[in-house]
Amino acid sequence: HLKDSRLEVINQQDSNFITALELAVRFGKTLIIQEMDGVEPVLYPLLRRDLVAQGPRYVVQIGDKIIDYNEEFRLFLSTRNPNPFIPPDAASIVTEVNFTTTRSGLRGQLLALTIQHEKPDLEEQKTKLLQQEEDKKIQLAKLEESLLETLATSQGNILENKDLIESLNQTKASSALIQESLKESYKLQVSLDQERDAYLPLADSASKMYFIISDLSKINNMYRFSLAAFLRLFQRALRNKQESENTEQRIQSLISSLKHMV
């Protein structure tokens, strides 16, 4: 959704930092501040939303100035430090989102790419299955809600109310069918997951490979590789057309191909 907003990116060390901040607040821009080593004191009134009403508008103090506050203003603070220091007084007024690549996260991403290429129908089946399962859970919740509402609005002796008893029986039968359908859906999902997990050794090996080459930057910065570049190599390896008798041989062939490319 940031594509549709007026986006501006600045560094905390820029000479025009305060001016850019004031203009972003006044005109409702989306401001991304890069290379943040901490939370600047000038940002606290914005983070706390210390707004003062002046007639139909709101103002906020930035440094020594009082600036008109635009409700469309958005602020993002970013850093390449994997463990940034956030002062205790700022921790409660900012939302921390960690985009650091983890082994398990990358393994899942690589497995999804592999399945999309090797078994696209499998991924499609799983997506449909999850959607159907969610729909059935919603139906079950609606039935339970309807049952409670029927019981709450019933009058007289429940045991003598034939319409109510018939409605309860229908609800019970429908609920049993949905529960049975959910059990079958779960069994099918387990079967699909087993087929997906057959390619897990490839994803695991590729994930380890990425973190090994990432550590090369500790020796020299010239050996720095981006995740996007590695994913392109991985997808190129998947396009390897070598014939394989079974899935295990195919996986070994892909691992060898990826090692050669890296």
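**Note on the predicted model: sheet, helix pair and cores**

1. In E6, leucine 77 is the bridge partner of isoleucine 33. Strand E2 covers residues 30-34 and pairs with E6 in the parallel sense over four bridges. Pairing here requires at least two bridges found by DSSP between the strands. Strands (E, at least two residues) and helices (H or I, at least four) are DSSP runs, numbered from the N terminus.

2. On provenance: this is a predicted model, in which local features need pLDDT of at least 70, side-chain atom pairs count only at pLDDT 80 or more, and totals for chains, interfaces and linings use all residues. Residues are numbered from 1 along each chain as its sequence is written, and side-chain values use heavy atoms, with hydrogens and water left out.

3. The sheet is open. Its three strands run in the order E1-E2-E6, with parallel pairing. Strand E1 (7-11) and strand E6 (74-77) are the edges, each pairing on one side only. From one strand to the next, the twist averages 20 degrees. Helix H1 (residues 17-27) packs on this sheet and touches E1 and E2. The direction of H1 makes about 160 degrees with that of E1. Axes are lines fitted to C-alpha atoms, for helices over the stretch in contact; angles run from 0 to 180 degrees between N-to-C directions.

4. Next, the helix pair. The axes of H5 and helix H6 (residues 162-197) come within 9 Å and cross at roughly 160 degrees. H5 and H6 are therefore roughly antiparallel to each other (the term applies to angles over 145 degrees).

5. Which residues touch the most other members of the largest nonpolar core? They are Leu110, Leu202, Ala206, Phe230, Phe234 and Leu258, out of 25 residues. Such a core is a set of buried Ala, Val, Leu, Ile, Met, Phe, Trp, Tyr and Cys residues joined through side-chain atoms within 4.5 Å. Buried means under 20% relative accessible area (1.4 Å probe, protein chains only). Helices H4 (103-118), H5 (120-153), H7 (200-214), H8 (227-238) and H9 (247-261) each give two or more residues to this core. H7 supplies the largest share, seven residues.

6. Beyond its neighbours within four places in sequence, alanine 206 is in contact (heavy atoms within 4.5 Å) with Leu110, Phe230, Phe234 and Leu258. Another core, of 21 residues, lies apart from the largest one; Tyr44, Val60, Ile62 and Tyr69 are among its members.

7. Serine 257 sits in helix H9. Serine 257 is buried, at a relative accessible area of 15%. Not counting residues up to four places away in sequence, serine 257 touches Ala237 and Asn240.

Key: Buried < 20%, exposed > 50% of the residue type's maximum accessible area, 1.4 Å probe, protein only. Parallel < 35°, antiparallel > 145°, perpendicular 65-115°, else oblique.
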